[in-house]
Protein chains: 2
Amino acid sequence: MKKFAIVLAGCGVFDGAEIHEATLTMLSIKKQGADYVVFAPDIPQYHVINHVTGEEMPEKRNVLVESARIARGNIKPLSDFIADDFDALIFPGGFGAAKNLCDFAFKGPDCTINAEVESSVRAIADQGKPIGALCISPVIMAKIFGEVDLTIGQDPGTSEAIENMGANHVMAGHGDVVVDKERNLFTTPCYMLDAAIVQIADSTDNIVKAMLESMND
Amino acid sequence: MKKFAIVLAGCGVFDGAEIHEATLTMLSIKKQGADYVVFAPDIPQYHVINHVTGEEMPEKRNVLVESARIARGNIKPLSDFIADDFDALIFPGGFGAAKNLCDFAFKGPDCTINAEVESSVRAIADQGKPIGALCISPVIMAKIFGEVDLTIGQDPGTSEAIENMGANHVMAGHGDVVVDKERNLFTTPCYMLDAAIVQIADSTDNIVKAMLESMND
């Protein structure tokens, strides 16, 4: 049975992992006969956003502890990730990917990637195993890999920032998966487009299917 | 287009709404051509549980504000619920249903139901419209309706408490939906059984399908 490592960035679209993308990634993996383990870095969230008002709250939360809500407690610190134990690595989206796993939301192309995130991505890539990135999380791959084909959908500002990191942004629509065969990188826009939850389910099905098929090539 | 009101109880299985059940309820409704609006009571959570350790955290959180994470900000206070505007009412599970929407987790059959929850349920029931309850949330219906057929799966302690509230507990397995035709009440066990996420998706598909079909009877 093929095993995915899923990396979460908190719990909630505005300051953490996007919940529908994370949940539906899990469902797509299991539906297609594979399995997963959930990871998150044990670090403070950049901030906490009230998801009703959009305003910052005077609180401190931890990325691992909040991600555990989506994982129902079945989660490991990303420091425990060992590439040998997995067939693939996948990152759901949400602002947390750009605020907690890196600081792209604040620094754009000059962003820094969390050290554990970068070493996990490089370890899987060094073994030639597929990496998936949904929604905004492809910015992490643009920063790490530079020259690579990927998509965050159609947003002009974000795609320009991605090009400024040396990557090639490919325009994509609902459910599309952009594949960089050389890097074995799979990306899909999800809620970076104005999407409904049914389209997120299509996207997670499609990206997981493409990643699993790549393992048979 | 048929419209469901979804009532959430926070964000996270141990102190709020179960995230997979909530997300997959949304997906099942949209997949089957219906629509939804998400509600939650604007009240303090009973407590905050660290989902890694299972221990209580010295924090205060609000049920509406945390539920908004699952709803991506598209949520209304339950005080705004008007039964005339909806065709059905549905409650995903998670401990929050038994800690925030009522206090069954602490008082068992002697529990009290949140006043807005009770008035919403009674208003929909008075109009003969279907009510769905997943996982542990059928305890709310047992307390409100008394004599009614429902399921929380197979847990002996919880089913005994349900019988003590005057309801008839029906044993059920993965994906099963127990229907009380007189009350137009639909229940399914979800994570009250030792379930995988694929089985939750089956359960939410099945309960939404049964509720939609009941509207055509």
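Biologist: Let's start with helix H1 and helix H8 of chain B: why is the crossing of H1(B) and H8(B) called right-handed?

Modeller: H1(B) and H8(B) cross in the right-handed way. Bear in mind that this is a predicted model, where local features need pLDDT of at least 70 and side-chain atom pairs count only at pLDDT 80 or more, while totals for chains, interfaces and linings use all residues. As for bookkeeping, residues are numbered from 1 along each chain as its sequence is written, chains are lettered from A and ligands numbered from 1 in the order in which they are written, and side-chain values use heavy atoms, with hydrogens and water left out.

Biologist: What makes H1(B) and H8(B) oblique to each other?

Modeller: Their axes come within 8 Å and cross at roughly 45°. Angles under 35 degrees count as roughly parallel, over 145 as roughly antiparallel, 65 to 115 as roughly perpendicular and the rest as oblique. So H1(B) and H8(B) end up as oblique. The axes are lines fitted to C-alpha atoms, for helices over the stretch in contact, with angles running from 0 to 180 degrees between N-to-C directions. The helices themselves (H or I, at least four residues), like strands (E, at least two), are DSSP runs numbered from the N terminus.

Biologist: Which residues of H1(B) and H8(B) make the contact?

Modeller: Contact means heavy atoms within 4.5 Å. On the H1(B) side you get His20(B), Glu21(B), Leu24(B), Thr25(B), Ser28(B), Ile29(B) and Lys31(B), and H8(B) brings Ile197(B), Ile200(B), Ala201(B), Thr204(B), Asp205(B) and Val208(B). Sorted by class, that's six nonpolar, four polar and three charged. Here Ala, Val, Leu, Ile, Met, Phe, Trp, Tyr, Cys and Pro count as nonpolar, Asp, Glu, Lys and Arg as charged, and the others, Gly among them, as polar.

Biologist: Why does Glu21(B) count as buried?

Modeller: Buried means under 20% relative accessible area, exposed over 50%, partly exposed in between (1.4 Å probe, protein chains only). Glu21(B) has 0%, so it is buried. Leaving aside neighbours within four places in sequence, its contacts include Pro92(B), Leu134(B), Tyr191(B) and Thr204(B). Glu21(B) also sits 11 Å from Ser137(B), C-alpha to C-alpha, although they are 116 residues apart in sequence.

Biologist: And what makes Phe95(A) partly exposed?

Modeller: Phe95(A) has a relative accessible area of 40%, so it falls in the middle class. Phe95(A) belongs to helix H3 (residues 95-99) of chain A. Beyond four places in sequence, Phe95(A) is in contact with Val13(A), Phe14(A), Asp15(A) and Gly16(A).

Biologist: What makes H5(B) and H6(B) roughly perpendicular to each other?

Modeller: Helix H5 (residues 115-126) and helix H6 (residues 138-145) of chain B cross at roughly 75°, with axes within 11 Å. That angle is in the perpendicular range, so the pair is roughly perpendicular. Val117(B), Glu118(B), Val121(B), Arg122(B) and Ala125(B) of H5(B) meet Ile140(B), Met141(B), Ile144(B) and Phe145(B) of H6(B). By class, this contact has seven nonpolar, no polar and two charged residues.

Biologist: How do you know that helix H6 of chain A is mostly covered?

Modeller: Seven of its eight residues are buried. Among them are Pro138(A), Met141(A) and Phe145(A). After H6(A) comes Gly146(A), with a positive phi near 70°.

Biologist: What is phi of Cys135(A)?

Modeller: Near 65°, a positive value in a residue other than glycine. Most residues other than glycine have a negative phi. Cys135(A) lies in the loop between strand E7 (131-134) and H6 of chain A, and at 5% relative accessible area Cys135(A) is buried. Asn184(B), likewise not a glycine, has a positive phi of about 60°; at 15% relative accessibility, Asn184(B) also counts as buried.

Biologist: Last one: why is the relation between the chains that of a two-fold axis?

Modeller: Chain B superposes on chain A by a rotation of 180° with 0.0 Å of shift along the axis, at an RMSD of 0.0 Å. That is the two-fold relation. The same surface serves both copies, as 100% of the contact residues of chain B recur in chain A. The superposition is by least squares on the C-alpha atoms of residues with pLDDT of at least 70 in both copies.

Notes:
Left-handed = near helix turned anticlockwise from the far one by under 90°.
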